[in-house]
Amino acid sequence: MTEFDFIRQFLQKQQAEGLVLGIGDDAAIIRPSIGFDLCFSSDMLIKDKHFFSDVSPEDLAWKMLAVNISDMAAMGAVPKWVLLSAGLPDLDEEWLTRFCESFFSLAQRFGITLIGGDTTKGDLVFNITIVGELPQEQALRRDAAQEGDDIWVSGQIGMAAAALNHRLKNCTLPPEVFGLCEDKLLRPEPRVDLGLALLPLAHAAQDISDGLAQDLGHILTASSLGAEISTDVLPVPDELRTSVSEEQWTAFALSGGDDYELVFTASADRRSEILAAAAQCGVAVTRIGKTNNSGRLKIKDKKGGELLLTSRGFDHFG
């Protein structure tokens, strides 16, 4: 199989509204909807840095697209188009079939069209660029949080980091708990519906990719604010809390990352609307603290004292 056989057989097969010209020319052409802004994001995934070499092609394809969709969810955007570039050691037809079936299944679920990219011979390196649409000037930006806002987190956090640390032999999880956590690590669920529902309700948002403390910190820095949150209300599942030490699950939740849940801020008078919107989306949300004018993030432990983290999250060059 040649590179161009791969493109024709596996990739060159989608048409969608707004796509003027797709795969097969020097560039794709898209026509955005009137009254909408375009939202762009890009992520690179490298073997042994972002995924284990023994990951299944189905799980790899799911995660690499899901984490990019999550960026759109954090902005309140509808994901529409995606470009995929891949460095592959060889063109293994069975592996590619499994990878593409998973990739296109998730893309179809969210109405996303593959419009281009690149392929080359390499040792499993991928880059995805995703493009979404959102109503003009309504994005959920990091710099829009306000003093006194409630801080919310969607879903549950800490599970992906627990699975990763189990695999790295930094902790030991019971088999059934590891299975639950590994599913969160390999197949994160992008919160697109919640992001859309939050557009008229929330001030600022961010997806939790590198750790709650670090990603919330990005919102606080961009908005020139501080905050206080409590570890005792973090949405960490009971199965994880009872499987590892308190120090471990707290670290997984605050600085572990790979959750791809949303952390967002909103006025206290929006609480009932946010709970109703989240319920409509089928996603639990938890209030974990408030913003303030302190200029720093204070994390309170269950006794009310301040918890000082050795690491706030993942850093590629740390």
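Reader: Does S209 count as buried or exposed?
Author: This is a predicted model, in which local features need pLDDT of at least 70 and side-chain atom pairs count only at pLDDT 80 or more, while totals for chains, interfaces and linings use all residues. Residues are numbered from 1 along each chain as its sequence is written, and side-chain values use heavy atoms, with hydrogens and water left out. S209 sits in the loop between β8 (204-207) and α7 (212-223), where helices (H or I, at least four residues) and strands (E, at least two) are DSSP runs numbered from the N terminus. Buried means under 20% relative accessible area, exposed over 50% and partly exposed in between (1.4 Å probe, protein chains only), so at 19% S209 counts as buried.

Reader: Which residues does S209 touch, not counting those up to four places away in sequence?
Author: A contact here means heavy atoms within 4.5 Å. Beyond its sequence neighbours up to four places away, S209 touches D215, G257, D258 and Y260.

Reader: Which residue just after α9 takes a positive phi?
Author: Helix α9 spans residues 246-256, and its buried residues are W249, T250, F252, A253, L254 and S255. Among what covers those buried residues are α7 and β12 (297-300). Just after α9, a positive phi of about 80° is taken by G257.

Reader: What is the largest C-alpha distance in the cluster that D43 and D71 form?
Author: UniProt lists D43 and D71 for "binding site" in an unreviewed entry; its positions are given in the numbering used here, feature names are shortened, and annotations may be inferred rather than shown by experiment. The two are spread over 29 residues of sequence but cluster in space, with a largest C-alpha distance of 9.6 Å.

Reader: Does D71 count as buried or exposed?
Author: D71 belongs to helix α2 (residues 57-75). Leaving aside neighbours within four places in sequence, D71 is in contact with S41, D43 and D207. D43, in strand β3 (residues 36-46), counts as partly exposed at 25% relative accessibility. D71 has a relative accessible area of 17%, so D71 is buried.

Reader: How far apart do the C-alpha atoms of D26, D71 and D207 get?
Author: UniProt places another "binding site" feature, from an unreviewed entry, at D26, D71 and D207. D26 is found in the loop between β1 (19-21) and β2 (29-30) and counts as exposed at 81% relative accessibility.

Reader: What is the bridge partner of S85 in β5?
Author: Two strands pair if DSSP finds at least two bridges between them. Strand β4 (residues 78-88) runs antiparallel to β6 (residues 125-135) with 9 bridges, and pairs in the parallel sense with β5 (residues 113-121) over 8 bridges. In β5, the partner of S85 is D118.

Reader: Through which helix does the chain cross from β4 to β5?
Author: This β-α-β crossover is right-handed, meaning that with the strands pointing away from the viewer, the path from the first strand over the helix to the second runs clockwise. The chain makes the crossing through residues 93-109, which form helix α3.

Reader: Which side chain joins that of S154 in a polar contact of 2.6 Å?
Author: S154 lies in strand β7 (residues 150-154) and counts as buried at 0% relative accessibility. A polar contact is a pair of N or O atoms within 3.5 Å; within protein, one must be able to donate a hydrogen and the other to accept it, and residues adjacent in sequence count only if both atoms are side-chain atoms. A polar atom of the S154 side chain lies 2.9 Å from the backbone nitrogen of L262. The side chain that meets S154 at 2.6 Å is that of E261.

Reader: How many salt bridges does the structure hold?
Author: Side chains of opposite charge can pair when their charged atoms come close. A salt bridge is a side-chain nitrogen of Lys or Arg within 4 Å of a carboxyl oxygen of Asp or Glu. One of them joins E58 and R98 (2.7 Å, N to O). The number of salt bridges in the structure is 15.

Reader: How many residues apart in sequence are the parts that R167 and D54 tie together?
Author: The side chains of R167 and D54 form a salt bridge (3.0 Å, N to O). R167 lies in helix α4 and D54 in the loop between β3 and α2, so the parts they tie together are apart in sequence by 113 residues.
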